[in-house]
Structure formats: structure tokens, C-alpha cells
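Colleague: I would like to learn how to read a few features of a protein model, taking them slowly and one at a time.

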Amino acid sequence: MGNLLILFIASLGLCLFVALLYVLYNYWWVPHRVQFIMSSQGIRGPPYEFIHGNNKQILQMQKEAYSKPMALTHDIFPRVLPHVYSYIKKYGKNYLSWNGVQAQLVITDPELQGDSLVTSESEKRARQRKLANYAFHGESLKNMIPAIIASVETMLEKWKGKEGKEMEVFQEFRLLTSEMISRTAFSSSYLEGEKIFDMLMKLSAITGRNMYKAKILFIGKFWEPADEIESDKLAKMIHDSVMKIVKQKEEKVMTREADNFGRDFLGLLLNAYHDPDEKIRLSIQYVVGECKSSYFAGQKTTNSLLAWTILLLAINADWQDKARAEVIEVFGNQNPNSQGIAKLKIITMIINETLQLYPPVHGVVRKVEREV
């Protein structure tokens, strides 16, 4: 019995020693080594803190920035990304930051960013890019105009009953853009699209509040946080909802209710998914992933652009008058059409200026897939 107890204690001690070595190696030695190597190449940054990296400092900066009232100014960088603003001033345009134990090279120098599109020479990747380009090409977008007009008309009809009242346009545009994407890209009902959008918004909120929380790898094997359980549940529900739309479209073709999968974005993806050539055939995981990206990224960015455009027009009444006059001159009392839209020079200038002042995407994350 005594020998067994000694063996147990020795084994436990060995396990604890190995665990300690693991933690020290991954959470102290590797980060300091990376920090030293980057510093020797002229890349500095905020010092790494054990386990937390820079997360505590970043959360504190954000808390302070968001707690202060903001003036009506276009200088939003210190408010939106206070930590990046602070680190650039201290360490330069390119610096090393730490999301927990994960090193992040932050590049804000435009000359070093290169092409924002991920390039690949593979035949499959080229096909994927071609599909996306075709789905949102000018000629394809022309066919979407009637559905977009119908959605806008529904929204404006509802607005008539709110004349003279205060209204949250960001929420109104969220409903508008979700309906338009459901109709134009996926030929699905608004209710189906809205369900997916709601789940994506919840998933985004969970991701946002956990973005700067440090994670200790081996603890996750024994204990799963409530947010992680909820995010896994939402991810499965989103996948099932998208698959339901996919199956509905496939069934229509199988029962000959439709001749093909259609020319909307989902239809193009399904054509590629059923391609007889295995080398360029898309996987169902890719199809679902692209649908999720289009639903969320497409809706959120367009919603943001519309809201900022309306705000800028509201505080610049002279440009609001110019924009209205141009629309009346080109279309009169008629609905917009593709030929007329191309002639809207002032509207185009306003949209481009809004994108420059308030870009819907403020950063692109790239992950290193292999050691170099």
C-alpha cells in the first residue's frame, strides 16, 4: 500500500512538473523569443504579459474610449480602435501585439499591405473567385434591381406612418438589407433570411466579448465556458438553416419544378457543388461557409454604409439638396434603372466619401498556416 501511495504521488508530481514546463514553454519562453526576434528586425510593440498578452490593456483602453461622449467629428479612429491608435503613436505604423499568447503583426502602412485579396494558383481557388465575381458583376446586379426596388418601396411605405417622428434608421436599414440579400442572393424568403441574420448577430456578439479574453489551451479540454457552448449551438443552427435553403433549391430541380439552380449566388455555388469534375467541385462546407459570409458580411457592411450616408446627408443639407436634385433630374418620378444609376455622379461621390470616412471594414486578418 505504501509503495502504491509513493508511486501515485511521484506520478502526480511528474504530471504537474510536465504541465508546468508546458505552460512556461508556451506562455513565457515562446512569446519572449518571438518578441526578441521581431525586435531585432526593428518591429517593436507593447510588452507581452504572462498568459494575457496585451488583452487587459486593450480592454481597458476600449472601456475608457467608449465611456466618453463623442463629438460630431470624422476623427473616429481613437474611438473605434483606441489601442491601435495608441500603439501606432508609440511604436510606429507596424508593430507586434499579443492576443493572449498569440503574436499578431499589425501592419497599417499601406505600402506593405499588398493586394487585399488572397491569391492562389489552384484551379479550384480560381473557380471560387470567378463565381463570386460573376455573381456580383454589373450584368448580374441588373437582374437584382426589381427585387431591391420592391424591398425599398415596402420600407418607404412603412415610413409614411412615421412622418414627423424620431426613427432608428440603422435598425430599419438592417431589416432592408437582410431582406434584399435573402431575395437577390439566395432566392429565399425574408423570414428565412432574418432567422439566419439574428443567429449570426448573436454569434458576432459572443465573438466580440470574447475577442480579448486569454485562453489556456489544456483547460478547454476539461471545462467549456457558457459562451463557447452557446456559440457551438448557434453555429450548428446556422449551418442547418443554410442547408435547409440549399435542400429546398436542390429538391425543386430534382422534382423538375425548376430547370436549374438559378443564376443567383446560391445557384452558382450549387452548380459548382454538383460539378462532375472532382478537381474543381466545391465542398458542401465551402458552400455553407460562403452563404454565411455573404449573409453576414454583405448585410452588415451595406447596413453600416447606408446609416453613415444618411447621417452625413443629414448634417450636410446642401449636399442633400444636390443629391435629391440629381435623382429627380435622372429618374423624375420613375423607379431607378441600371442605365440611370450609372449617371448618378453626385450620389457616387457621396457614397465614396462615406466609405472613405467610415469604412465598414477596418481591418483584415490573415493567419500564418505554416512556420517560415
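**Reading a buried charge**

Modeller: D109 is buried (under 20% relative accessible area, with over 50% exposed and partly exposed in between, for a 1.4 Å probe and protein chains only), yet D109 has no salt bridge, a term for a side-chain nitrogen of Lys or Arg within 4 Å of a carboxyl oxygen of Asp or Glu. The nearest side chain of opposite charge, K93, is 4.9 Å away, where Lys and Arg count as positive and Asp and Glu as negative, while His and the chain ends are not counted. This is a predicted model, in which local features need pLDDT of at least 70 and side-chain atom pairs count only at pLDDT 80 or more, whereas totals for chains, interfaces and linings use all residues. Residues are numbered from 1 along each chain as its sequence is written, and side-chain values use heavy atoms, with hydrogens and water left out.

Colleague: Which residues does D109 touch, not counting residues up to four places away in sequence?

Modeller: Contact means heavy atoms within 4.5 Å, and on that basis D109 touches K93 and N94.

Colleague: Is Q62 buried or exposed?

Modeller: Q62 has a relative accessible area of 13%, so Q62 is buried. Leaving out residues up to four places away in sequence, Q62 touches P82, H83 and Y212.

Colleague: How are two packed helices described?

Modeller: Two packed helices are described by the angle between their axes and the distance between the axes. Here helix α14 (residues 317-331) and helix α16 (residues 345-357) pack at about 140°, with their axes 8 Å apart; helices are DSSP runs of H or I with at least four residues, numbered from the N terminus. Axes are lines fitted to C-alpha atoms over the stretch in contact, and angles run from 0 to 180 degrees between N-to-C directions.

Terms used
Helices (H or I, at least four residues) and strands (E, at least two) are DSSP runs, numbered from the N terminus.
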